[in-house]
Amino acid sequence: RSRAPVPNDSPVWCDPTTGLCERKSCKKWWREAHPDTAKPPPWVDDRKEYDDLRDACAWVYDTRPSNAEVNEFQHGLEGQVHKMHEEYCRPKWVEGYCGGDKHPKKRHEKCTLPSGWQCRYGLL
């Protein structure tokens, strides 16, 4: 949940086979490793894996996004829908996707799709 896992009070430099640890407290080790400052700043891990872990935490813990995050997500979705309407509704019109009064009436013509298949009932 944090990009600053050091220092904490857990043991460090542990051997997985024996279970013995070189240091009892990571926090004490961190302070010894930085003797020039009374309270050394935490180490911040900027690896991409922490982004994945943050997403996984949202699945595991019952956390809800803030109103600002929901708003930003909604604006992103609206932009995607607008781009899809641009692609699929102008100048061509895809039945079932482009609805409403703004779109042309259905018309029947000979129609061949790029895959070589014929349009259903010749409907454009």
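This note goes through the fold, the cross-links, the aromatic residues and the surface of the structure, point by point.

1. Basis of the note. This is a predicted model, in which local features need pLDDT of at least 70 and side-chain atom pairs count only at pLDDT 80 or more, while totals for chains, interfaces and linings use all residues. Residues are numbered from 1 along each chain as its sequence is written, and side-chain values use heavy atoms, with hydrogens and water left out.

2. Overall fold. The protein has 3 helices and 2 strands, and along the sequence these follow the pattern β-β-α-α-α. Helices (H or I, at least four residues) and strands (E, at least two) are DSSP runs, numbered from the N terminus. Of the 124 residues in the protein, 13% are buried, where buried means under 20% relative accessible area, exposed means over 50%, and partly exposed lies in between (1.4 Å probe, protein chains only).

3. Disulfide. The structure holds 1 disulfide, a term that stands for a pair of cysteine sulfur atoms within 2.5 Å. The link is formed by Cys-14 and Cys-21, with their sulfur atoms 1.9 Å apart, and with 105° about the S-S bond it is right-handed. Cys-14 is partly exposed at a relative accessible area of 39%, and Cys-21 is also partly exposed, at 27%. Cys-26, by contrast, is buried, with a relative accessible area of 3%.

4. Salt bridge of Lys-27 and Asp-9. A search of the whole structure finds 2 salt bridges, each defined as a side-chain nitrogen of Lys or Arg within 4 Å of a carboxyl oxygen of Asp or Glu. In one of them Lys-27 pairs with Asp-9, and the closest N and O atoms are 4.0 Å apart. Lys-27 lies in helix H1 (residues 26-33) and Asp-9 in the segment before strand E1 (12-14), so the pair ties together parts that are 18 residues apart in sequence. Lys-27 is partly exposed, with a relative accessible area of 29%, whereas Asp-9 is exposed, at 53%.

5. Salt bridge of Glu-32 and Arg-23. The side chains of Glu-32 and Arg-23 also meet in a salt bridge, with an N to O distance of 2.5 Å. Glu-32 counts as exposed at 52% relative accessibility, and Arg-23 counts as partly exposed at 28%.

6. Contacts of Ser-25. Which side chain is joined to that of Ser-25 by a polar contact of 3.0 Å? The partner is Asp-9, the residue that also forms the salt bridge with Lys-27. A polar contact is a pair of N or O atoms within 3.5 Å; within protein, one must be able to donate a hydrogen and the other to accept it, and residues adjacent in sequence count only if both atoms are side-chain atoms. Ser-25 is placed in the loop between strand E2 (21-23) and H1, and it is buried, with a relative accessible area of 10%.

7. Trp-13 lies in strand E1 and Trp-29 in helix H1, so the pair ties together parts that are 16 residues apart in sequence. The rings of Trp-29 and Trp-30 have centres 5.9 Å apart and planes at 50°, so that pair is tilted. For these terms, rings of Phe, Tyr and Trp (its six-membered ring) pair if their centres lie within 6.5 Å, and planes under 30 degrees apart count as stacked, over 60 as edge-to-face and the rest as tilted. Ring pairs thus link Trp-13, Trp-29 and Trp-30 into a cluster, in which Trp-29 is partly exposed at 22% relative accessible area and Trp-30 is buried at 10%.

8. Backbone of Trp-13. A colleague checking the geometry may wish to look at Trp-13, where phi is near 55°, a positive value in a residue other than glycine.

9. Nonpolar surface patch. Trp-59, Val-60 and Tyr-61 make a nonpolar surface patch of about 420 Å². Patches are made of residues with over 30% relative accessible area and no salt bridge, with like charges joined within 9 Å and nonpolar side chains (Val, Leu, Ile, Met, Phe, Trp, Tyr) within 5 Å. Accessible areas come from the Shrake-Rupley method with a 1.4 Å probe, and for residues only the protein chains shown count as cover. Tyr-61 is found in the loop between helix H2 (49-60) and helix H3 (67-89), and is partly exposed, with a relative accessible area of 39%.
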